[in-house]
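The following exercises examine a structure step by step. Please study the sequence and the model before reading each solution.

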There are 2 protein chains.
Amino acid sequence: MAQTATAYRDEAPIAALLEGQPLFRGMSPELRATFAQAAQLQSLNKGSVLFLQDDEAEWFYLIISGWVKLFTETMDGDEAVIDMVSNGHLIGDSAILEDSIHSFGAAAVEPVKALRLPSSLLKQAITDDHKTALAMLGALSRHRKRQSREIESLTLQNASQRIGCFLLRLCDPNGQMPLELTLPYDKSLIAARLGMKSETFSRALNKLRKETTLSIKGSMVTVSDLDELSVYVCSACSNEFPCKDLHG
Amino acid sequence: MAQTATAYRDEAPIAALLEGQPLFRGMSPELRATFAQAAQLQSLNKGSVLFLQDDEAEWFYLIISGWVKLFTETMDGDEAVIDMVSNGHLIGDSAILEDSIHSFGAAAVEPVKALRLPSSLLKQAITDDHKTALAMLGALSRHRKRQSREIESLTLQNASQRIGCFLLRLCDPNGQMPLELTLPYDKSLIAARLGMKSETFSRALNKLRKETTLSIKGSMVTVSDLDELSVYVCSACSNEFPCKDLHG
DNA sequence: CGCGCCGTTGAGTTGTCTCAAATCACGTGG
DNA sequence: CCACGTGATTTGAGACAACTCAACGGCGCG
């Protein structure tokens with residue numbers, strides 16, 4: 001609440017960050033300024049928690065850089081990684097539409113910069129401002145579709161295919177043919193993100209390498225035949241390769 | 001478009017149906033009347049298709065009675081059941097926020113009554129009417145949460161636990177202790193809904209019966225110890241038993 | 001009565017997990 | 001610059017869960 005000292009230093013870059021976000025872009029400059037004033041730029045270390053499941057949803061976050069893991073934990077200590085998000089994604093925002101309780105936790109898996117914004121402000125903005133409500137609808141609906149694919153993927157694809165699918169989403173469909181990819185975060189995290197153990201990930205990636213033209217050096221992956229890979233992956237999926245709306 | 005003949009016979013009951021729905025309840029009577037006029041009550045046989053994936057989303061539907069299966073199909077013919085919905089649920093509505101293409105198919109698995117409504121009208125209503133947009137936000141957000149649980153369930157629970165979880169959601173937490181449940185639809189459909197084969201379902205249900213106090217006669221299930229069942233199920237889940245917001 | 005559908009059961013296969021150990025990658029301190 | 005420690009990744013062996021294919025029993029319906 002009391003950031004008067006830092007306020008006028010921070011506001012200009014913060015406003016710029018907000019403008020790059022669909023949710024804020026349609027807002028009136030005044031409304032956006034309200035958010036910019038209330039925003040706090042946070043630098044988070046690897047491992048630090050943005051919020052936990054069942055926390056009061058006092059804040060929501062706009063990720064500026066770095067990867068954040070969204071997860072739930074079971075009573076007996078198992079963890080499911082629901083999603084990994086980065087640059088440009090909002091998290092914790094949908095809680096305001098429910099009971100203002102976070103339905104999952106969020107933690108930085110590497111150094112992260114994020115804007116922290118008060119949920120109350122967003123709640124108000126959605127209630128008062130039609131454009132903001134529409135932007136929010138768009139965001140949620142994209143999210144919904146993404147999650148449907150997730151369910152399909154877990155149900156219908158085996159480990160190798162899920163990995164292949166993950167790689168395909170990193171590919172530029174119009175890129176030059178030997179495509180060079182860099183895995184965006186640790187293999188063990190990709191494994192968790194895809195709902196498998198890291199041992200299984202390792203073996204399944206090897207299987208994928210053998211069965212499609214693919215080479216792997218640490219976190220560098222080279223795809224030499226995109227078609228072959230997409231046939232291998234997408235035969236067990238309802239979407240063909242350049243599957244839109246899906247990332248990371 | 002030309003239902004003048006049936007219109008005045010149908011409108012009264014249709015208006016009543018709409019009023020029972022959160023999406024329409026907050027609307028002005030005039031706007032609701034517009035929907036009621038454009039609505040068509042459909043009676044669908046078992047197996048009939050409401051729409052298919054990749055269809056143009058010309059209509060959305062309010063289910064009045066009977067169960068509808070939401071699904072996607074892969075290239076090589078496998079099917080994933082994304083959800084089963086009935087009485088009071090909207091389907092196909094979220095397509096209007098995307099590219100007006102259905103991202104899943106919908107088919108009746110038994111005789112179904114449904115109201116068919118033009119998507120264009122909803123799109124218009126959301127754009128013009130703030131209350132409607134907010135109602136839509138609420139619906140989508142409930143949906144989002146539900147899907148997150150789905151992902152968690154597929155990742156963390158084994159077959160027996162998923163079945164137990166399904167049964168728990170049919171239980172009234174305040175009910176008298178020998179709880180009598182009736183499975184809402186065929187076992188093979190429950191299996192598909194839970195992401196397993198029907199053989200696996202059969203065996204896993206037997207395992208569940210052995211390991212918790214549970215008896216099964218055809219589609220009748222009797223739960224005599226709710227706590228025991230919920231411990232068995234919820235130890236592998238992030239929610240404890242009376243898990244709100246989840247049904248079906 | 002006989003057909004067809006649903007559900008169950010059996011036998012064998014495949015996929016993923018567990019546990020344990022070896023190896024690799026990288027940053028720190030000497 | 002190198003040795004070391006820590007965490008990430010890979011590999012191996014064996015257990016277990018879920019799947020496939022096949023056959024059978026029950027039930028409703030013509």
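## Exercise 1: DNA strand D

Of the 15 residues around DNA strand D, those that come nearest are A:Lys187, A:Ser188, A:Arg203, B:Ala159 and B:Thr200; a residue is near a molecule or strand if one of its heavy atoms lies within 4 Å of it. Sugar and phosphate make up 59% of the atoms of DNA strand D that come within 4 Å of the protein.

This is a predicted model, in which local features need pLDDT of at least 70 and side-chain atom pairs count only at pLDDT 80 or more, while totals for chains, interfaces and linings use all residues. Residues are numbered from 1 along each chain as its sequence is written, chains are lettered from A and ligands numbered from 1 in the order in which they are written, and side-chain values use heavy atoms, with hydrogens and water left out.

Solution. Step 2: take the phosphate oxygens; one is 2.5 Å from an N or O atom in the side chain of B:Thr200, and one is 3.3 Å from a polar backbone atom of B:Lys197. The largest share, four residues, comes from H8(A).

## Exercise 2: DNA strand C

Solution. Step 1: of the 16 residues around DNA strand C, the nearest are A:Ala159, A:Thr200, B:Lys187, B:Arg203 and B:Asn206. Step 2: consider the phosphate oxygens, one of which is 3.0 Å from an N or O atom in the side chain of B:Lys187, and one 3.1 Å from a polar backbone atom of B:Ser188. Step 3: H8(B) gives the most to this surface, with four residues.

## Exercise 3: The contact between the chains

Task: Describe the interface of chain B and chain A.

Solution. Step 1: the contact (heavy atoms within 4.5 Å) takes 47 residues from each of chain B and chain A. Step 2: about 4100 Å² is buried between the two chains, 63% of it on carbon and sulfur atoms; buried area is the accessible area (1.4 Å probe) that two parts lose on being put together, summed over both. Step 3: on the side of chain B, B:Leu137, B:Arg144 and B:Ile151 lose the most area, together 17% of what that side buries. Step 4: six salt bridges are counted, each a side-chain nitrogen of Lys or Arg within 4 Å of a carboxyl oxygen of Asp or Glu. One of them joins B:Glu98 and A:Arg144 (3.0 Å, N to O). Step 5: H5(B) gives the most to the side of chain B that touches chain A, with 19 residues.

Key. A polar contact is a pair of N or O atoms within 3.5 Å; within protein, one must be able to donate a hydrogen and the other to accept it, and residues adjacent in sequence count only if both atoms are side-chain atoms. Helices (H or I, at least four residues) and strands (E, at least two) are DSSP runs, numbered from the N terminus.
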